[in-house]
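Please look over the structure first, then read the notes below.

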Amino acid sequence: MSAPALVSQRTAAAVLAAAGQCTEPQSRLLMHAHVCGPGWPLVETPDQDTLATILATSPGDLAATPPGSTLARESRVWALADVVTLAQRPRLAIDDLAAALPGDLAVVVRQIARRDLPPGPSDENPVNRPYYGVDAVVARSDDDTAQRDASRMLWRLSPTRRDRITASVTTHGTVPLLVSCGGYLVTGWDIVGFDHDTTQGLDTIAFALAPDAPTWRTNIADRWFNSGPGQALALLNTSTSTHTGPTESPATTAVHRSRTLTA
């Protein structure tokens with residue numbers, strides 16, 4: 001059996017860029033976030049035929065790396081077929097995403113690739129999380145607890161935004177939490193409120209999440225979505241309906257809210 005075509009990060013970035021899906025910095029985030037799986041360290045490739053395939057696929061990238069060097073130890077490769085599949089995943093416009101979600105509001109968290117944390121509690125890791133950022137392998141696994149904790153806390157949120165989320169939870173029961181990395185939606189959960197016990201004594205917030213996977217997740221996960229630059233948390237208004245106060249006249253107080261992503 002011939003070895004599968006394997007590509008380095010640089011070549012993966014070129015494939016994704018050629019498809020118009022993301023920039024090179026975004027592609028680095030995605031590969032390190034294991035969106036195409038964890039890949040294989042270059043030093044663990046099984047035979048010379050496989051190594052030859054890598055070098056032929058991405059000449060000049062890893063070919064000049066001296067054996068045993070730091071770069072060689074840290075470099076990873078991925079199956080070309082998986083990268084092509086990633087490049088061909090659907091892209092959601094903001095209206096498509098809003099239509100796929102319940103309620104009138106969603107929280108989009110823009111995260112980096114996974115970074116492991118030293119054991120806590122400590123100043124760096126006050127709530128003893130194993131890591132922060134995104135690890136798509138963990139997010140897609142049967143036990144996604146570590147990724148839930150990495151995405152639901154610890155965030156800074158203004159009182160105005162906190163009140164907006166609370167109001168939407170009160171009205172609809174939940175607010176979707178969407179996990180984005182490098183312009184790609186990896187997963188999501190339902191926010192049911194705030195976890196005040198976890199963040200007691202801290203100046204950050206943690207979301208309380210419903211225990212089960214939301215029904216809308218399959219409609220948004222593993223899709224491209226331009227969440228744009230800005231703060232880590234963005235609010236997506238998913239409703240285009242008009243809103244009035246309970247005792248106010250619609251003729252004088254109706255406000256039309258367009259579907260927007262607020263950084």
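L177 counts as buried because its relative accessibility is 0% (buried means under 20% relative accessible area, exposed over 50%, partly exposed in between, with a 1.4 Å probe and protein chains only). This is a predicted model, in which local features need pLDDT of at least 70, side-chain atom pairs count only at pLDDT 80 or more, and totals for chains, interfaces and linings use all residues. Residues are numbered from 1 along each chain as its sequence is written, and side-chain values use heavy atoms, with hydrogens and water left out.

**Around L177**
- L177 sits in strand 8, residues 175–181 (helices, H or I of at least four residues, and strands, E of at least two, are DSSP runs numbered from the N terminus).
- Beyond four places in sequence, L177 touches residues including V107, R152, W189, F207 and W216 (contact means heavy atoms within 4.5 Å).
- A106 is 71 residues from L177 in sequence, yet their C-alpha atoms are 6.1 Å apart.

**Salt bridges**
- The structure holds nine salt bridges (a side-chain nitrogen of Lys or Arg within 4 Å of a carboxyl oxygen of Asp or Glu).
- D195 pairs with R152 at 3.1 Å, N to O. D195 lies in the loop between strand 9 and strand 10 and R152 in helix 8, so the bridge ties together parts 43 residues apart in sequence.
- D195 is buried at 16% relative accessible area, and R152 is buried at 12%.
- R156 and D203 meet at 2.8 Å, N to O. R156 lies in the loop between strand 7 and helix 9 and D203 in the loop between strand 9 and strand 10, so this pair ties together parts 47 residues apart in sequence.
- R156 is exposed at 59%, and D203 is exposed at 56%.
- E24 and R28 form a bridge of 3.6 Å, N to O. Both lie in helix 2, four residues apart, about one turn of the helix.
- R114, D116 and D135 are linked in a salt-bridge network.

**Backbone geometry**
- The G120 to P121 peptide bond is cis, with omega near 0°. P121 lies in the loop between strand 5 and strand 6.
- The M153 to L154 peptide bond is also cis, with omega near -5°. L154 belongs to strand 7.
- N128 has a positive phi near 60° and is not glycine. N128 lies in the loop between strand 5 and strand 6.
- H34, another residue other than glycine, has a positive phi near 65°.
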